[in-house]
Amino acid sequence: MKHQGTGVLIGWLVLATITPVMAAVTRPVLTNGPASNRINITLLAEGYTAVETNEFFADATGTVQSLLATAPFADYSNSFNALAIHVASAQSGSDHPGTSTANTYFNSTYDAQNGYIISIPPNWANTNYADGRGKVDALLAAHAPATDLAILLVNDWQDGGSDGGGSLAVVAKISAVYGTGVLPHEVGHVLANLGDEYETPNPGYPNTEEPNTTQQTNRAAIKWNAWISTNTPIPTPEDGNYANVVGLFEGAHYQSNGWYRPKLDCRMRTVSTPFCEVCSEALVLSLYDRVRPIEAWSPAATNVAVTSTGSVGFSVGLLRPASHALQVQWFTNGAAVAGATATNLLLQPAAWGNGLHSVQARVFDPTARVRTDPGQLRSQTVTWNVSVTLPWLELQLPSWTTNAFVFRVTGVAPNGFVVERSTNLDQWWPVSTNALAGPGVWVTNSSAPPGGASYRAVVRQ
Ligand SMILES: [Zn+2]
């Protein structure tokens with residue numbers, strides 16, 4: 001028994017020592033801001049050996065540059081961070097069924113029927129999650145839990161990729177680094193849930209519409225109707241007259257009939273073609289579903305108490321698109337402040353008066369790539385509730401007694417007030433320092449000079 005127990009312990013230690021997660025080498029590829037308000041790309045090395053570590057990091061950088069140079073991602077390149085994780089494969093490349101195999105970390109393979117598709121287990125070749133996707137998930141959990149977009153970069157020179165079951169972009173090195181269009185196509189699946197606009201059958205594929213596919217032929221009910229000119233026929237003929245406009249073209253979602261796409265061609269149909277307007281719109285909205293245009297504001301607390309007359313500053317920090325400016329408008333008590341379109345606003349509380357007020361900053365992305373935004377993802381508003389309690393004093397009920405001047409001071413003065421006296425209204429001399437409480441405080445000055453004097457009360461700041 002003792003011997004057996006020892007054996008188990010040694011086995012566990014050996015496993016812990018060679019656990020693949022431990023061998024990962026991570027390196028930031030692109031850092032634009034805090035992970036909490038960026039789309040965090042994580043690239044994983046597949047088919048890169050230990051001696052190809054630096055080649056992988058160079059390819060990861062090239063992949064990110066290539067993706068973020070592609071519309072519409074280029075408009076929002078500042079919205080992305082990227083991290084690369086190298087895990088060594090025993091051999092370079094990937095499996096090419098019937099031709100060659102490579103012993104690689106995630107066990108990727110090109111497809112036996114469609115040589116364009118690259119997948120990892122569980123797949124047609126190996127149903128064991130732990131041999132492929134399980135390793136991806138373990139690495140992301142250990143090194144990049146904030147990942148929004150995982151890319152498995154396959155060290156191979158045959159163009160291809162896949163969307164890895166909807167949440168992982170698998171792409172060959174040649175396709176990614178040299179921009180064949182496969183990567184943005186797969187990213188379209190992963191980030192915006194875009195559908196394939198192919199007509200080749202895919203039996204058993206779910207009958208669910210994507211942002212760029214539909215069965216609807218009633219013009220008013222087509223979800224991308226905002227992009228369709230009234231003189232474009234519905235359905236739209238597949239000829240050169242309509243090659244550059246958005247319409248309703250039959251053939252999408254692996255169906256030749258009854259399913260429609262927005263444009264004659266698009267990256268979701270032919271990977272080397274730019275995204276159509278409808279796919280671009282869905283992608284921009286998918287970015288704003290993950291990052292917000294206002295990433296910081298001051299004061300950080302949105303309940304603000306103002307107790308002095310000094311000016312009060314408000315400001316917002318923006319996540320600016322690379323291609324264009326965001327629009328800013330400030331509001332006070334619900335009304336737009338004319339000309340207040342900068343990222344900061346200076347207010348004079350004395351002009352407001354005491355009471356509860358609101359200050360709002362509304363930020364809007366006017367990108368021409370979006371026409372329909374029911375969730376108002378392109379705009380964001382920060383609201384401050386401002387409670388103004390400015391000090392004020394009033395002198396009441398003055399009277400002369402036999403040998404003193406008496407009056408009452410009322411108002412708001414949290415730090416008290418000073419009574420001052422002057423005989424020339426130019427020089428003022430302090431007479432007494434007082435606290436202010438309740439309905440008011442009586443002040444008695446028994447040393448009034450002959451010939452009279454003036455009195456005033458001054459708030460202590
Ligand atoms: Zn499209």
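**A covered helix and the core**

Mentor: The centres of domain 1 and domain 4, taken over C-alpha atoms, are separated by 78 Å. This figure, like the others below, belongs to a predicted model. The chain is divided into domain 1 (19-191), domain 2 (219-287), domain 3 (294-388) and domain 4 (392-459).

The helix to examine is α5, which spans residues 182-192 and is mostly covered, with 11 of its 11 residues buried. Among these buried residues are V182, L183, V187, V190 and L191, and the list also includes H185, E186 and H189. Both helices and strands take part in covering the buried residues of α5: the cover includes α2 (53-68), α4 (173-177) and α6, together with β6 (149-154), β7 (161-162) and β8 (168-172). After α5 comes N193, whose phi is positive, near 55 degrees.

The largest nonpolar core comprises 74 residues, and L43, L152, L153 and V171 have the most contacts inside it. Helix α6 (residues 277-288) gives the most to this core, contributing 8 residues. At least three residues of the core come from each of domain 1 (19-191) and domain 2 (219-287). Apart from this core lies another, of 12 residues, including I294, W330, V386 and V388.

Leaving aside residues up to four places away in sequence, L43 touches V29, A60, T63, A82, A84, I85, I151 and L153. One of these partners, L153, is also listed with L43 among the residues with the most contacts inside the largest core.

Methods
Residues numbered from 1 in each chain as written. Predicted model: local features only at pLDDT ≥ 70, side-chain atom pairs only at ≥ 80, totals over all residues. Core = buried A, V, L, I, M, F, W, Y, C linked by C-beta atoms within 7 Å. Buried ≥ 20, exposed ≤ 12 C-beta atoms within 10 Å, placed from the backbone. Helix = DSSP H or I, 4+ residues; strand = E, 2+ residues; numbered from the N terminus. Domains from an automatic or database assignment. Contact = placed C-beta atoms within 7 Å.
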